[in-house]
Amino acid sequence: MTTATAIAHPNIALIKYWGKADEAMSLPATGSLSMTLDVFPTRTTVTVGEGAGAGSNATAPDTLTLNDRPATDAELGRVTRFLDLVRELAGDERPAAVVSTNTVPTGAGLASSASGFAALATAAAAAYGLDLDVRALSRLARRGSGSASRSIPGGVAIWHAGDDAASFSETVAAPPLAMVIATVDAGEKHVSSREAMRRTIATSPFFPAWVTSTAASLERMVEACAAGDFTRIGELTESNALRMHATIQSAEPPIRYLTAASTRVFDAVAGMRVAGLEAYATADAGPNVVVLTRPDDREAVAAELSANAGIAQPVTTLPGPAARLESGGGADATGPAASGAGTAPGAGAPA
Ligand code: PMV
């Protein structure tokens, strides 16, 4: 029996991933760039072998416990499809028992799938004895959920567009950054990002413009990160988020993730800038808004969000660490995935 436990953190994209070039391989239409958070980790244990799954033979199904309850058939199906990829790579057909605890509100547009599949990829690779470096692990995590690829290296990460071999994530140098999370609604989102991406590609007349403009914005963002230009990073972040939501809203039938409460946060952030507090807003596939700011300004931004945007408990975060195996977490906890994933430069602290 082999057990491995991994921890991974969610990430919030500054340049968004929205739309697949190849759905089966989970290849993105454009590259994207994110900051991994140092809050809301997912902890996942994968056990392979005797007693794992419903039985110890190769045909027994996998089992999945999610936040202390048995998973739904849909959740288990997604995890089994991902484990099938790991089993194919490892040449090992045995089922696994997976136990995962998420501290991010599931389905609220705060990237629970990113931390979830990054932790699952890291733990499953170790439990099945795979020798994967950060690049290979990020490619594997990508197959579970695109954005999970960026939670493997940690810190500020770029996920490259390209073919299967080229579409990996890696940490990039960036100036000190912080985020403040404004949760306006912790409920499940009404349309999954997977379904909404499909609909956007199939029906939005603006999708081709989204792809070309995002590719250009990513180039500008990489330049701004290298130059340490916080203002430019912030401007590109807010603009790209609004372009993504405009594109999503232009699908047929339309999908609107931002609500009146989200708009209030965008307005409050614009007001902060006018008042000389530099902050920029972004939002994923849900109503919650994440505010990018400098580390020294994060408490002031949080106070403003409480006072002027009705946010009960803003959560502040600095760049978070790479996905990693928990030390002493299992028989293979010192395996290659642990050393590889844990040493990404710049992870764990503002660069
Ligand atoms: O990979 P998914 O299904 O979690 O899609 C992520 C989509 C966004 O969060 C909206 C954007 C992004 O780049 O994270």
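At roughly what angle do the axes of helix α1 and helix α3 cross? Let's find out together, keeping in mind that this is a predicted model.

Two packed helices are described by the angle between their axes and the distance between the axes. Start with α1, which covers residues 73-90, and α3, which covers residues 134-144. Their axes come within 9 Å and cross at roughly 150 degrees. Angles over 145 degrees count as roughly antiparallel, and α1 and α3 are therefore roughly antiparallel to each other. The crossing of α1 past α3 is right-handed. On the α1 side, the contact is made by R78, F82, L85, V86 and L89, while α3 brings L140, A141, R143 and G144.

From α1, the residues R78, V79, F82, L83 and V86 take part, and they meet F117, L120, A121, A124 and A125 of α2. This contact holds nine nonpolar residues, one charged residue and no polar ones. Look for R78, F82 and V86 of α1 in your view: they touch α3, and they touch α2 as well.

The α5 residues in the contact include F207, W210 and M221, and among their partners in α6 are I233, L236 and M244. The contact as a whole divides into eight nonpolar, six polar and three charged residues.

Finally, visit the ligand. Which of the 14 residues around the ligand come nearest? They are Y17, S113, S147, R150 and S193. A backbone N or O atom of Y17 sits 2.8 Å from a ligand oxygen atom. For S145, a polar side-chain atom is 3.1 Å from an oxygen atom of the ligand. G146 takes part through its backbone, with a polar atom 3.2 Å from a ligand oxygen.

Methods:
Residues are numbered from 1 along each chain as its sequence is written. This is a predicted model: local features need pLDDT of at least 70, side-chain atom pairs count only at pLDDT 80 or more; totals for chains, interfaces and linings use all residues. Side-chain values use heavy atoms; hydrogens and water are left out. Axes are lines fitted to C-alpha atoms, for helices over the stretch in contact, and angles run from 0 to 180 degrees between N-to-C directions. Helices (H or I, at least four residues) and strands (E, at least two) are DSSP runs, numbered from the N terminus. Angles under 35 degrees count as roughly parallel, over 145 as roughly antiparallel, 65 to 115 as roughly perpendicular and the rest as oblique. A crossing is left-handed if the near helix is turned anticlockwise from the far one by less than a right angle, and right-handed if clockwise. Contact means heavy atoms within 4.5 Å. A residue is near a molecule or strand if one of its heavy atoms lies within 4 Å of it. A polar contact is a pair of N or O atoms within 3.5 Å; within protein, one must be able to donate a hydrogen and the other to accept it, and residues adjacent in sequence count only if both atoms are side-chain atoms. Ala, Val, Leu, Ile, Met, Phe, Trp, Tyr, Cys and Pro count as nonpolar, Asp, Glu, Lys and Arg as charged, and the others, Gly among them, as polar.
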